[in-house]
Structures are given as C-alpha cells and as structure tokens.
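Subject: Structure handover and notes

Dear colleague,

Please find below the structure that I am passing on to you. My notes on what was found in it follow directly after.

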Amino acid sequence: MAASDVMNGTDRGLARERAAEYLLSRHRFRVAEALPWLVAIAAFFIVPDRMTFGSQVLIMVMFALSLDLILGYAGIVTLGHAAFFGIGAYTVGLAAARLQWSEPISGLFVAAIAAAIVGFITGWFLLRYRGLTLLMLTLATAIMLQETGNLRSDISGGYDGLPGLMFKPLLGAFDYDLYGHTYYLYVLAVLAVVFYFVRRIVYSPFGQALTGIRENVRRMHAIGSPVHRRLVAVYTIAAAIAGVAGALFTQTNAYVTLTVFDFDNSAKVMVMLILGGTGRLYGAFVGAAVYMVLEDYFSKLSPTFWQFGIGLLLVLVVLFARRGVLGLFESVGELLTKGKKR
Amino acid sequence: MPQVANIAVSILFDGLAYAMFLFITSVGLSVTMGLMGFVNLAHGAFAMAGGYIVVTLTRTLGIDFIPSLIIAAVVVGAVSVIFERGLYRRLYKATDLEQVLLTIGLAFMAIATFTFFYGPVPKSVPLPGWLEGDVNLGFRNFPSYRAFLIVLGTALIVVLWYAFERTNIGAKIRAAVDNRRMAESVGINVDRLFTLTFALGSGLAALGGGLAIQLLGLSPSFAVLYLVLFLIVVAVGGLGSLKGTLLAALVLGVFDTAGKYLLADAGGFFVYAVTVAVLLVKPAGFYGRE
C-alpha cells in the first residue's frame, strides 16, 4: 500500500492498534451466536423422543465443523474427509470390542490422537498437491483405509462391522437410556468444547494466515508464511476433530461398520457444509441440521426422491447461492437494510 | 500350458479388456478437463445413461446390440451439448469446488431419475450370438466378449490417435490444451472446440457404459461407483493427454485385474495404491504438464 510508505511512527502504532482492535472485535461473542445452542437445548425439551436422532445431527455438525476448518478457512478441497471420521469411529470401536476399553471420555481422546496421527502423516505428504491430484489422493486415502479394514476383517469385522458394542456409563454415573437423553447432552457438551476450540483457532493469527492461504497462496509464500507447515497443522487439527465426531458416532450407535469410510460419507459432509455456508463456523450447524432433518423426512417418503432433491439442491446452491443458506440470509438482510436506508 | 502361465495370460487378457473399457470411457473426460480444467463428476452419469439407452433399445425395441451402442453414443453426445451450453459453461471460471458440487448434484439427479424409471436392480443385455461363448485363438480359449472389447478398443485408439495427431481439429485441441490463451489469440474458437470434444467425450462415455453392462453390470449407482476409477485414470494419465490416458488405463486395468485374481479380499486396494504411488512421484500424471 502506498499509504504505509509515508506513515510515521505514531501512525504505524495507531494502525497496529486498530488492526488489533479489529481482530479482537471479530473474536468477541455476539448475541446471535447463542441461537444455535438455545435451539439445541430447546430441542431437548420440545422433542425428547427424538434425541437419538438429535445426537446424530450434533455429530454431523461437529464433522462438518472440522471440514469447515480445512475447506472453508484453509481452502483445502478434499474428497476423503471420512477417513478421519472412520479412524475415530474404529479406534473407539476396536478398543471396546477387542481391548475391553469402554470408558467413553478417554476413548474420545484416544480417537482424537489416532485420527490426528493419520491426519499428520497423510497431510504431510498430500498437502503439497492441489486441484485434481489432491482430490484423487485424499479420495484414495479414505478408500485404502476402508480396503485395509476389509482385508483384515478378522480384526475389523469387515462390512458386517462391530455390532453390539457396550460402553461404560459416562463419568461412571450416567448410563445410556432408551431415548438417548444422556448421550444427547454428552454430545452437545463435547460439541461446545470443540466449537470453542475451533472458534479460537479461526480468529487467531494462525486462522488469519489460513484465510490468507485460501485467498492467495502465492502471496503467502512471498511474505514468508510457512504455508505447508500451517496447512499440515490445520489438517491435523481437523482430522482430530473428525476423529472425535467418529468416536461419538460409534458410542451413540453402539456399532460401527466400514461404511463410515465411504465416499458417500465424505461427499455428504461436504454437501452439508456447502449448504450451510463455508468459512463461517455456523454454516456447519445450519447445513448439518437442515440436511439431516430433510433427509430424515424425505428419505422416509422415498429415497429416490430424496436423492433427486439433494442433487437439485446442490445445483441450485452452486448456481444461485454460492455462500450457502447463511450467505443467502445475509444477502437478504443486506437488501432489507438497504431498503430501509432509502 | 503350465498353471502359472495360464493365470498370467488370463490376467493380461482380462486386464487388457478392462483397460479398453476404462480408456473408452475416460478419454473424453481427460480431454475436456485438459481443455477447460473443468472437473466433471457427472461423466459417470453420461456413461450410465448410455448403458440404459442400450438396455431399452435392445430389450424393449428389439434393436441389435451393436446398432444400439452407436445410437446410445450419438444420443448421449447430443444431449450432453445441452448440459454443456446450459449449465457447464456458466462455471468455467468458477472454483474446482463449485464445479465438483454442480456436477455431483447432476450425478445424484441422474441416479435418482434412472432409479425411478428402471429400478435399482442391475440390468443385463441380450448379446448377438457371436459375442457369446468363447473364441479359440490357437493355444487356448478366450471369452468372445472380452476379445471384442479389445478389438474395438484398439480400433478406437487408432481412430482417436489419427484424429488427435493428424487432423486440423486435433491440432487445435492440442494447442488449446497446451495454452488456451495463446490458442485463442491465434483465432481458434476454444469454446466451440470444447463443445465438440465434450459431446464426443460424453458419446464415448455412453459407448463405454453400454459395453460395461455385460462386463460389470449396470445399476443406477454405476454413475458414482465407477466415476472414481475414471477420475483416477485421468489423474494418473495426465490431463488432456491421449497417450497418458491409454497408459494409465492399461496400468490400472491390469493391476486391478491382477489384484482381483491373486488377492480377491483386497478388492480395489491395488488400484489405489498404484494411484497414490504414481501421483506422489508425478503429481500431474504420466504425461501431464507440471
């Protein structure tokens, strides 16, 4: 910028202060941010008999949130994010089925670590690539994990999976109940912790650097940002979060099969995120909730009709609402406020 | 013939037939992606549509298998132009992600539509007598249908090679793949060229879909199930390269067949292992531009 060339010392100090002020103001919690949490808690009281489904929605929110970190903020387009969901799901599943390690909360940590390790290793190799090559490599990674599981079906249970897993009561006190109330609150609590963590990352200087990489990777290289290291770091974090989501999936369902590694699972979470809006944190909430509720309703009517609908929805989103449902609301909001001013 | 040699010959023969199917179906995708950088995940849907047209023509209208294949290719090629002009062209300058989403959306819609009309159960197709049974090649018998695939594939390769390397249009396509802007500035209408290759590629995909009915079975999920393989062939071969697509189809076809013969449990593992190995060393594929 030309202005910065002629800036004197005090101006620069002021500018820095203003930049810091801007970052902090973005980081501050806004009132509207309480809304999705209030909805989640309200759902607990309004539809108490659908809490098993509610847990699944929250798990997909977490999964979509992890994808938002790498896709929405760092701009990494992957078709194999289910790999980490699956690693987390199988870590908990195998620990419970083969090692009798069925304590849920420690299971989450182990799942996160396992997924993070896989994320770190694959990310280190794959994140040097872009475009179609990266799409294919991430896709191949997920399928190879699935095939490995199938190859050792003596351990993994193959496509029949690991049914009838038993997990210890939460904190040693709260047992699984028929309506899934305990697990709903459990998943909601874990999601809140994960969300706080993700939000911190996104608004940190590290998060800003990721956005920079998404917007213009060459410029980030040029200003000396360690692009590859940052991408691997965020990929590892996202893998860990996806792993936690997978672990919760296994714990709430009490079973896991190799279909968690499916391409469908990777595609589904991406569709959810796009539907809600990428790079805006709450897009994951809106997208996953809207998708899951629509799917629950329409796929009962007719799975074929639902598949057509989701395809049409994708086409329409790409053509008319590229910033997702939340982006659409924003645009409408802008239109309305503009109208008022006139 | 000793057992080992027998198996090796079987693997090579089946692998070659499979490779021909992969090549025919993927080559259009490779050229269109090389030309416009457009990630078309609906390519598998065009192949599936071709397969179902062949099913309808042969089963319901009683037309022979070979003419049905040709009709399916022409119809799908023509219909694909509507999609290209109406939808795809709006997204040429969009990001990879948006192209991926639009085309996967189209693929979902196609799957649902064909499930609605044909049901989810795999379809078969009546073959003419000379394609059934075995053919004797002197030292042992081979399935006629696979032999036919290899002959047809080879013929198509020769035709495509000639069109690509020796004709004016082929030279224009190669120029546009190499450097689109430069090609446009010397007066090549890349837009029209793209429509042409897109139609041709979709037509070939439809032909591949028709050929796949007997080889792999045809159900609506074909559109996504085999799409991954087509994309891998394209990525491993290198975008926009005829030679690369052929080489990739051969390598992956033979490896996949060998894997299924020798280690049935491992399923598709070999294909993906080879893909990862190749792409880690050569990110742009065998003959792609780095």
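I begin with a pair of helices in chain A: the axes of helix H9 (residues 181-203) of chain A and helix H12 (residues 227-253) of chain A come within 11 Å and cross at roughly 175 degrees, where axes are lines fitted to C-alpha atoms, for helices over the stretch in contact, and angles run from 0 to 180 degrees between N-to-C directions. That angle makes H9(A) roughly antiparallel to H12(A), given that angles under 35 degrees count as roughly parallel, over 145 as roughly antiparallel, 65 to 115 as roughly perpendicular and the rest as oblique. Helices (H or I, at least four residues) and strands (E, at least two) are DSSP runs, numbered from the N terminus.

Please bear in mind that this is a predicted model, in which local features need pLDDT of at least 70 and side-chain atom pairs count only at pLDDT 80 or more, while totals for chains, interfaces and linings use all residues. Residues are numbered from 1 along each chain as its sequence is written, and chains are lettered from A and ligands numbered from 1 in the order in which they are written.

Between these two helices, Tyr183(A), Val187(A), Val190(A), Val194(A) and Ile201(A) of H9(A) meet Ile237(A), Ile241(A), Val244(A), Leu248(A) and Thr252(A) of H12(A), two residues being in contact if their C-beta atoms, placed from the backbone, lie within 7 Å. The residues of this contact divide into 9 nonpolar, 1 polar and no charged; here Ala, Val, Leu, Ile, Met, Phe, Trp, Tyr, Cys and Pro count as nonpolar, Asp, Glu, Lys and Arg as charged, and the others, Gly among them, as polar.

Leaving aside neighbours within four places in sequence, Val61(A) is in contact with Leu191(A), Ala284(A), Phe285(A), Ala288(A) and Ala289(A).

Helix H10 (residues 205-215) of chain A holds the buried residues Gly207(A), Ala209(A), Leu210(A) and Ile213(A). Seen down the axis of H10(A), they fall within an arc of 155 degrees, so they line one face of the helix, the arc being that of the directions from the helix axis to the C-beta atoms. These buried residues pack against helix H4 (51-73), H9, helix H11 (217-222) and H12 of chain A, whereas the face turned away from them carries the exposed residues Pro205(A) and Glu215(A).

Two residues of chain A other than glycine have a positive phi of about 55 degrees, namely Gln100(A) and Leu281(A). Gln100(A) is placed in the loop between helix H5 (82-98) and helix H6 (104-126) of chain A and counts as exposed, with 8 C-beta neighbours inside 10 Å. Leu281(A), in the loop between helix H13 (263-276) and helix H14 (282-301) of chain A, is buried, with 22 other C-beta atoms within 10 Å.

As for the two chains together, 32 residues of chain B are in contact with 28 residues of chain A. On the chain B side, H4(B) gives the most, with 15 residues, and by class that side has 23 nonpolar, 6 polar and 3 charged residues.

Lastly, Pro128(B) lies in the loop between H4 and strand S1 (134-136) of chain B. The C-alpha atoms of Pro128(B) and Asp64(B) are separated by 7.2 Å, although the two are 64 residues apart along the chain.

With best regards

Methods
Buried ≥ 20, exposed ≤ 12 C-beta atoms within 10 Å, placed from the backbone.
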